[in-house]
Amino acid sequence: RESDHRAWTPVTYTVTRQNATIQGLIQGKAYFFRIAAENIIGMGPFTETTKEILIRDPITVPDRPEDLEVKAVTKNSVTLTWNPPKYNGGSDITMYVLESRLIGKDKFHKVTKEKMLDRKFTVEGLKEGDTYEYRVSACNIVGQGKPSFCTKPITCKDEIAPPTLDLDFRDKLIVRVGEAFSLTGRYSGKPAPKVTWLKDDIVVKEDDRIKIKTTPTTLCLGILKSVREDTGKYCVTVENSTGSRKGFCQVNVVDRPSPPVGPVIFDEVFKDHMVVSWKPPLDDGGSEITNYIIEKKDTHKDLWMPVTSSTVKTTCKIPKLLEGREYQIRIYAENLYGISDPLISDEMKAKDRFRVPDAPEQPIIKDVTKDSAVVVWNKPYDGGKPITNYIVEKKETMATRWVKATKDPIFPGTKFKVPDLLEGCQYEFRVSAENEIGVGDPSPPSKPIFARDPIAKPSPPVNPEAVDKTKNSVDLSWQPPRHDGNGKIIGYLIEYQKVGDEEWKQANLTADSCPETNYKVTGLTEGLTYKFRVKAVNAAGESDPAHVPDPVEVKDRLEPPELILDANMAREQFVKAGDTLRLSAVIKGVPFPKVTWKKGDHEVSPKADIEVTGVGSKLEIRNTVHEDGGIYSLTVENPAGSKTVSVKVVVLDKPGPPRNLNVSDVRSDSCYLTWMEPEDDGGSVITNYVVERKDVASAQWVAISSSSKKRSHMAKYLMEGTQYLFRVAAENQYGRGPYVETLKPIKAIDPLHPPGPPKNLHHVDVDKTEVSLVWNRPDRDGGAEITGYLVEYQEDGADEWTKFQTVPMLDCVVTGL
């Protein structure tokens with residue numbers, strides 16, 4: 001029964017042993033048990049357990065501790081933690097045993113005698129660089145349990161962790177002047193990082209207002225009673241040997257602005273109003289200027305009157321002034337955080353102080369052409385206001401009305417090109433200046449000018465040179481002058497001077513006799529040396545002379561021949577039969593060389609057209625045939641030398657006829673043809689041969705092969721006894737050449753051989769002067785019917801056989817013996 005119940009519950013009735021196992025009990029509950037013996041008569045009294053029995057598992061040693069972890073490692077210590085075993089063996093844990101083993105040794109050694117019930121321990125006094133592994137066991141009242149699984153091998157060295165940084169401030173911070181602020185955060189890292197504070201890349205140093213506090217995990221920069229100069233970009237750097245982290249904050253310490261920058265400038269002063277301007281404050285207080293407050297004060301009074309408090313411009317119109325009174329202006333700058341101290345102007349009297357510009361001085365006229373002139377003037381006094389425009393006017397000298405030269409503004413330049421003048425007319429010009437007050441008086445008129453192009457002498461001709469010479473002349477060439485003086489070049493004057501003389505002689509008397517940029521100076525003396533010069537002439541006169549750089553000796557010029565080959569004079573020239581062959585080259589040389597064309601060592605074919613000009617030569621053959629191929633050479637020769645070039649010309653044509661056509665192995669139904677390739681393949685590879693046959697009784701040739709690349713062919717399917725002719729032609733990519741034909745017909749019959757010897761020759765009768773012979777037919781007849789048998793005899797001992805006669809039958813009587 002349960003200890004807290006009174007009712008007994010039977011467990012079993014059939015136990016014959018002196019023990020029993022009771023099942024179905026609830027763990028943690030206490031029970032009483034009783035037992036009675038029973039025989040055939042009945043059950044005896046019960047015997048009861050004296051005290052209650054608590055149901056629980058039997059007590060054992062604890063299981064292995066779990067999750068043994070290394071929490072920290074330095075060069076001489078290791079910190080370990082672990083969790084209790086899943087089962088304590090039925091009894092509370094009384095202590096833990098921590099063991100270590102040096103890697104390389106076999107045994108574990110107990111680390112400490114402490115009980116370590118808080119499951120954390122730091123092993124100290126280790127040697128840097130040594131490697132250990134650890135295990136831990138739990139103990140209860142029964143004893144020490146199994147050890148935990150070993151840690152991985154741990155080497156004693158300082159632990160490394162890159163820095164971390166967690167900041168409490170945002171990217172931007174706004175602080176009012178006089179307030180305190182602080183920048184705080186947390187950091188970590190192994191080894192312990194170094195903390196550095198920078199402001200605008202300069203290290204922050206502590207003083208009475210600036211405080212820096214750093215603990216192993218926190219950092220703080222504090223500034224008391226901030227000033228405007230504390231504005232800047234603050235940076236905190238956390239750095240150790242493994243790396244660094246940075247945090248930034250843009251701190252803006254704001255205040256009211258400084259005063260606007262003076263002096264106050266009176267841009268405009270009139271009898272009833274003024275326009276003033278100033279410069280913005282040097283320090284806007286860290287916040288944008290929202291507006292300026294402008295006030296005015298009559299110097300005779302102490303009262304400042306508002307003008308405006310809503311302008312953001314640095315200029316302002318001061319209205320409602322009394323003429324002749326003196327005024328002061330006061331200006332404040334304002335931002336979100338307050339109003340600045342004022343900027344106060346000097347005293348200024350309200351009266352008109354500006355007028356229209358003065359009249360410019362008399363203008364000067366330059367660069368006159370037939371339809372334009374450039375007017376130039378000096379800037380006049382501007383009347384106290386900047387000149388904004390100049391007005392240029394023109395009039396014909398005899399007219400009375402001035403006309404504006406342009407409607408467009410002319411500013412800031414003090415010269416203007418007046419367009420649209422009438423050629424030949426006389427003009428005067430004047431200039432007025434304008435400012436915002438109005439237009440001033442005009443200048444005195446300019447001196448009169450006529451509208452026409454000015455003509456000056458031209459500049460000298462360019463690059464005169466001697467381009468050719470003979471024994472009594474020199475050819476000169478040059479380029480036109482760079483400037484024609486605005487007048488048409490009439491022509492050129494050419495002069496020459498014998499070296500050593502002082503006098504220059506004229507080669508032409510008038511310029512219009514040499515309108516072009518070249519001239520042949522004749523009548524010179526062979527062997528002498530001359531200098532030459534050229535002048536350009538227009539209506540204004542002659543230019544300065546341009547000299548040919550070097551003196552020229554008058555004699556025939558010799559230049560060896562030179563050949564410049566055209567593309568058709570490459571090393572090999574292919575031309576298709578029937579097309580036109582063209583060979584050409586450019587020829588140079590002085591005197592012009594003699595030109596000779598040859599084919600091989602012989603003259604060129606009469607059908608060739610040869611053309612020689614002053615610059616080259618051309619050879620042309622129309623309707624080329626194969627025989628026009630060969631080596632063509634072009635020779636040019638003059639007293640200074642000669643030059644030859646040659647080109648191989650290949651005329652691409654059909655091939656020639658095959659050679660040595662032969663028929664062999666004639667049979668009743670076939671024969672074997674052989675031949676040799678043509679002597680001339682037409683300049684192209686032979687692709688195939690065409691073989692044909694013809695019955696002599698027929699007029700028609702029949703092709704028996706048209707694609708054979710071999711030089712032989714077996715002609716099959718002949719009719720026995722028929723006579724045939726055969727012919728063969730070669731083909732290349734340009735066509736089929738002529739045929740070669742068998743000289744005589746070939747009869748399709750098997751070849752004949754002599755018959756075999758007669759068999760079984762013997763005599764059947766003998767007389768004194770004759771012998772009767774008989775024999776049998778031979779085994780083979782040689783391919784034709786046997787027409788007879790030749791009988792011969794020989795006297796015993798003689799060398800020669802004597803013919804008797806030919807008989808048609810298989811017997812014969814030899815007589816006359």
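Leu-790 is found in strand E68, strands being DSSP runs of E of at least two residues, and helices runs of H or I of at least four, numbered from the N terminus. The model is a predicted one, in which local features need pLDDT of at least 70 and side-chain atom pairs count only at pLDDT 80 or more, while totals for chains, interfaces and linings use all residues. Residues are numbered from 1 along each chain as its sequence is written, and side-chain values use heavy atoms, with hydrogens and water left out.

Not counting residues up to four places away in sequence, Leu-790 touches Lys-803, Gln-805 and Thr-806, where contact means heavy atoms within 4.5 Å. The C-alpha atoms of Leu-790 and Phe-804 are separated by 7.6 Å, the two residues being 14 residues apart along the chain.

Pockets were located on a 1 Å grid over the protein atoms alone; a pocket is an open set of points where a 1.4 Å probe fits, with protein on both sides within 12 Å along at least five of seven lines, and lining residues have an atom within 4 Å of a point. Grid points are joined across faces, edges and corners, and a volume is the space filled by probe spheres set on the points. The second largest pocket has a volume of about 460 Å³. Its lining comprises 21 residues, and Leu-761, Leu-773, Leu-790, Val-791 and Glu-792 are the closest to its centre. Strand E67 (771-776) and strand E68 (789-793) are the elements that give two or more residues to this lining, and E68 gives the most, with 5 residues. By class, 15 of the lining residues are nonpolar, 3 polar and 3 charged; Ala, Val, Leu, Ile, Met, Phe, Trp, Tyr, Cys and Pro count as nonpolar, Asp, Glu, Lys and Arg as charged, and the others, Gly among them, as polar.

The largest pocket holds about 1,000 Å³ of space. Of its 31 lining residues, Pro-10, Val-11, Thr-12, Arg-34 and Ile-35 lie nearest its centre. Strand E2 (34-38) and strand E3 (43-48) each supply at least two lining residues, and the largest share, 5 residues, comes from E2. The lining of the largest pocket divides into 17 nonpolar, 9 polar and 5 charged residues.

The UniProt annotation "domain: Ig-like", from an unreviewed entry, covers residues 163-252 and 561-646; such annotations may be inferred rather than shown by experiment. Residues 163-252 are 0% helix and 64% strand, with end C-alpha atoms 28 Å apart. Residues 561-646 are 0% helix and 62% strand, and the end C-alpha atoms of this span lie 16 Å apart.

An open sheet of 5 strands has the order E49-E56-E55-E51-E52 and mixed pairing, two strands being paired if DSSP finds at least two bridges between them. Its edge strands, E49 (572-576) and E52 (602-603), each pair on one side only. Strand E51 (residues 594-599) pairs with strand E55 (residues 630-638) in the antiparallel sense over 6 bridges, and Lys-598 stands opposite Ser-633 in E55. Elsewhere, strand E22 (residues 261-269) and strand E23 (residues 274-279) run antiparallel, joined by 5 bridges. A hairpin joins E22 to E23 through 4 residues, and Val-261 has Lys-279 in E23 as its bridge partner.

A search of the whole structure finds 31 salt bridges, each defined as a side-chain nitrogen of Lys or Arg within 4 Å of a carboxyl oxygen of Asp or Glu. In one of them, the side chains of Lys-535 and Glu-495 meet at 3.6 Å, N to O. This pair links distant parts of the chain, with Lys-535 in strand E44 (residues 529-538) and Glu-495 in strand E41 (residues 491-498), 40 residues apart.
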